[in-house]
Protein chains: 2
Amino acid sequence: MGRTATIEDGELVARLTEAFRNLGYEGATLALLAEATGLQKASLYHRFPGGKDQMAREVLESAQSWIEEHILRPLKGPGDPAARIAAMTHRLEELYDGGRQPCLLNVLASGRNLEGPFAAEIKGMFQAWIAALAAVAVDAGLDKKAARLRAERFVALLEGSLVVARGMGTLQPFRDFLKSAPAELL
Amino acid sequence: MGRTATIEDGELVARLTEAFRNLGYEGATLALLAEATGLQKASLYHRFPGGKDQMAREVLESAQSWIEEHILRPLKGPGDPAARIAAMTHRLEELYDGGRQPCLLNVLASGRNLEGPFAAEIKGMFQAWIAALAAVAVDAGLDKKAARLRAERFVALLEGSLVVARGMGTLQPFRDFLKSAPAELL
DNA sequence: GTCTATAGGAAGATAGAC
DNA sequence: GTCTATCTTCCTATAGAC
């Protein structure tokens, strides 16, 4: 190892993810992103020729992959509904670091990004998540319409508990949500 | 009316509010704020010598006053719990323009503002709102602990339904929330 | 693949005329 | 009280050495 910084691709995206989540898209300046990753601005541009926009895009795609693999796939998989919900809540705690980390979808849906390039991907992620949750609720015996409503409400509760937790400076709302998660959906 | 722009104080703050809600604190540049208000940047500085920070602060204080007067006071006031909830939901529809406008608390709690000057005020507003809702739930017969949980969950649902509505590009989640509001709290 | 250095422009903020 | 013009700083992005 020479004196120049180096960083693996996965770790790089992870650090950028945390920065975007906590600073927002406009708040995440290249100077701050460089500081967060340990690289210089020019090095970031070497890996992301498209600049900040590309960084956020890859961060979002990375989150999408993680969610599909660790959240949606187990949700769709075998096992009784309660067990699948339990598996998801365990992963949610991980994904949001117990309520300490905001949701990337909420952060990137703010500001001018709405008309921008993230809108379609964000919409798709919400839809996929809600559809997977609704399927579980149907498996548990709810009719289609009720299941859909429960699923949408569940995602809203998740997002809202993170907002309230951040705004109030306490993790309790997110913990309470995780605790009540099975009852909320089924 | 001469050729120079002019604007009443209330209308000025209203336009700034809309701008901050839709652009975020960092996304709301002075150029955009000038465009939103019809004033030049220098004119904004004449009314807000503290710059953008002061604008956001006054916007937040204005929202606080509105909420205290139109949401919390009726919530604490006389009448049976169901009627008070109904009065609030009517005002919520107005406050968030049927789900079209994000919550200022969510927007301003993002980014670097958390450690910043808005944190205390945001926290206080969430606390006051939750306390008022919990009091209604207690009036409706719930015990203190259950009422508190319901109130917190109610605010989370409100915030989350706005997030999901924005992210999915449809007002339905917020509408569904308003519809289910009484049942959620009581 | 990372760095230093810098270009070019937009950001927040101010000066001073009217 | 609003304007035009300008200052300084910061931001995004690039050039080019190693």
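This is a predicted model: local features need pLDDT of at least 70, side-chain atom pairs count only at pLDDT 80 or more; totals for chains, interfaces and linings use all residues.
Within α9(A), a kink of about 45° is found at A:Lys179, shortly before the proline A:Pro182. The buried residues of α9(A) include A:Phe174, A:Phe177, A:Leu178 and A:Leu185, and also A:Asp176 and A:Glu184. The cover over these buried residues includes α5 (81-95), α7 (119-139) and α8 (144-168) of chain A, together with α8 (144-168) of chain B.

Attention now turns to the DNA. Around DNA strand D there are 17 residues, of which A:Leu30, A:Tyr45, B:Ala5, B:Gln40 and B:Arg47 come nearest. Of the atoms of DNA strand D that come within 4 Å of the protein, 62% belong to sugar and phosphate. The residues of this surface divide into seven nonpolar, seven polar and three charged.

Phosphate oxygens of DNA strand D are approached by backbone and side-chain atoms of chain B. A backbone N or O atom of B:Gln40 lies 2.8 Å from a phosphate oxygen, whereas for B:Ser43 a side-chain N or O atom is 3.0 Å from one, and for B:Arg47 the corresponding side-chain distance is 2.7 Å. Two or more residues are given to the surface near DNA strand D by α3 (41-47) and α4 (51-76) of chain A and by α3 (41-47) of chain B, and the largest share, four residues, comes from α3(B).

How values were computed:
Residues are numbered from 1 along each chain as its sequence is written. Chains are lettered from A and ligands numbered from 1 in the order in which they are written. Side-chain values use heavy atoms; hydrogens and water are left out. A residue is near a molecule or strand if one of its heavy atoms lies within 4 Å of it. A polar contact is a pair of N or O atoms within 3.5 Å; within protein, one must be able to donate a hydrogen and the other to accept it, and residues adjacent in sequence count only if both atoms are side-chain atoms. Ala, Val, Leu, Ile, Met, Phe, Trp, Tyr, Cys and Pro count as nonpolar, Asp, Glu, Lys and Arg as charged, and the others, Gly among them, as polar. The bend at a residue is the angle between axes fitted to the seven residues ending there and the seven starting there. Buried means under 20% relative accessible area, exposed over 50%, partly exposed in between (1.4 Å probe, protein chains only). Contact means heavy atoms within 4.5 Å.
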